[in-house]
Amino acid sequence: MGLYVETRIRADLEDLWERTQNPVQHQRWDLRFTEITCLPGGPSDAQRFRYATRVLPFLTVTGTGISAGERRRADGERVSALRFASAHPLSLLAEGSGYWRYVPTPDGIRFLTGYDYRTRWGRLGAGVDRLLFRPLMGWATAWSFDRLRLWCERGISPARSLWHALAELGVRLLAVLSLLPFGPAAALVAVMASLLLPPLSTTPAARRCLRRPPARTATPTLLARLENP
């Protein structure tokens, strides 16, 4: 899979499963989606869904998908897989697939994802994806995973953690602006400090997540059994 994100969450596995598999809970913490709703139909062991992402105040991109999960495996892990597609003419993403793994360890649950997608618009779409969209998607996934971790471990709701992030961003911007009158050197120091200083422990941060697989990771066989949405 082209994109990989992993975090470790010290929480009950059932709670983590509920907050990631229930569409109502999922849309609360995942920055990539504004709304996720279940659709009727589909195989008995799979769930069809519709997703919407608000790109601009007056522009919402929609798509559909199908997902399935394995809650009881011999190795103690849990796995879910999905396929998704968007027919929206303004969606750079045409179709894709991915998986989530839940790996219990003595130090918490390794919650990880791998996914990839195909773009539209030919070479233009491929260029936009490589330079902008794919890095943004990777960052949004990692930021959302850390947001989920704070919710599960510390009880900080997704809405509250978003306000923490916005408030901390505002403070950092004010610090930079306050040093502008003292010249370029002072402003540069403020910019570097705002970028390099670690975020508060109550603020979600993509940098806390692993972005490369620690070892070769196989795609779950469950994904191969899923039909296209």
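Me: Which helix does Val 128 lie in?

Reply: First, a caution: this is a predicted model. Now the case. Val 128 belongs to helix H3, which covers residues 122-154.

Me: Is Val 128 buried, partly exposed or exposed?

Reply: Read the relative accessible area. Under 20% is buried, over 50% is exposed, and partly exposed is in between. Val 128 has a relative accessible area of 30%, so Val 128 is partly exposed.

Me: Which residues make the nonpolar surface patch?

Reply: Val 128 is one of them.

Me: Where is Trp 121 found?

Reply: Trp 121 sits in the loop between S7 and H3. Trp 121 counts as partly exposed, because its relative accessibility is 40%. Look at the backbone too. Phi of Trp 121 is near 75 degrees, a positive value in a residue other than glycine.

Me: Now two helices. At roughly what angle do the axes of H4 and H5 cross?

Reply: Angles over 145 degrees count as roughly antiparallel. The axes of H4 (residues 158-179) and H5 (residues 184-196) cross at roughly 170 degrees. H4 and H5 are therefore roughly antiparallel to each other. Their axes come within 8 Å.

Me: Which residues of H4 and H5 meet?

Reply: From H4, take Arg 172, Ala 175, Val 176 and Leu 179. In H5 they meet Ala 186, Ala 187, Ala 190, Val 191, Ala 193 and Ser 194.

Me: On to charges. How many salt bridges does a search of the whole structure find?

Reply: To call a salt bridge, look for a side-chain nitrogen of Lys or Arg within 4 Å of a carboxyl oxygen of Asp or Glu. The search finds 17 salt bridges in the whole structure.

Me: Which residue forms a salt bridge with Glu 70, with the closest N and O atoms 3.0 Å apart?

Reply: That is Arg 225. This pair links distant parts of the chain, 155 residues apart. Arg 225 is in helix H6 (residues 221-225), and Glu 70 is in strand S4 (residues 59-70). Arg 225 counts as exposed, because its relative accessibility is 56%. Glu 70 also meets Arg 73 in a salt bridge, at 2.9 Å from N to O. Arg 73 is partly exposed, with a relative accessible area of 29%.

Me: What does Asp 116 form with Arg 134?

Reply: Asp 116 and Arg 134 form a salt bridge, with their closest N and O atoms 3.0 Å apart. Asp 116 lies in strand S7 (residues 108-119) and Arg 134 in helix H3, so the pair ties together parts 18 residues apart in sequence. Asp 116 is partly exposed, at a relative accessible area of 28%.

Me: Which residues are linked in a network of salt bridges?

Reply: The network links Arg 10, Asp 107, Asp 146, Arg 149, Glu 153 and Arg 208.

Me: Loops next. Which residues does Pro 214 touch, not counting those up to four places away in sequence?

Reply: Pro 214 touches Tyr 4, Glu 6 and Arg 110, with that same exclusion. Pro 214 is in the loop between H5 and H6. Its relative accessibility is 60%, so Pro 214 counts as exposed. Compare sequence with space. Pro 214 and Glu 6 are 208 residues apart along the chain, yet their C-alpha atoms are separated by 9.6 Å.

Me: And where is Asn 22 found?

Reply: Asn 22 is in the loop between helix H1 (13-21) and helix H2 (23-29). Asn 22 counts as partly exposed, at 22% relative accessibility. The C-alpha atoms of Asn 22 and Cys 38 are separated by 9.5 Å.

Conventions:
Residues are numbered from 1 along each chain as its sequence is written. This is a predicted model: local features need pLDDT of at least 70, side-chain atom pairs count only at pLDDT 80 or more; totals for chains, interfaces and linings use all residues. Side-chain values use heavy atoms; hydrogens and water are left out. Patches are made of residues with over 30% relative accessible area and no salt bridge: like charges are joined within 9 Å, nonpolar side chains (Val, Leu, Ile, Met, Phe, Trp, Tyr) within 5 Å. Accessible areas come from the Shrake-Rupley method with a 1.4 Å probe; for residues, only the protein chains shown count as cover. Helices (H or I, at least four residues) and strands (E, at least two) are DSSP runs, numbered from the N terminus. Buried means under 20% relative accessible area, exposed over 50%, partly exposed in between (1.4 Å probe, protein chains only). Axes are lines fitted to C-alpha atoms, for helices over the stretch in contact, and angles run from 0 to 180 degrees between N-to-C directions. Angles under 35 degrees count as roughly parallel, over 145 as roughly antiparallel, 65 to 115 as roughly perpendicular and the rest as oblique. Contact means heavy atoms within 4.5 Å.
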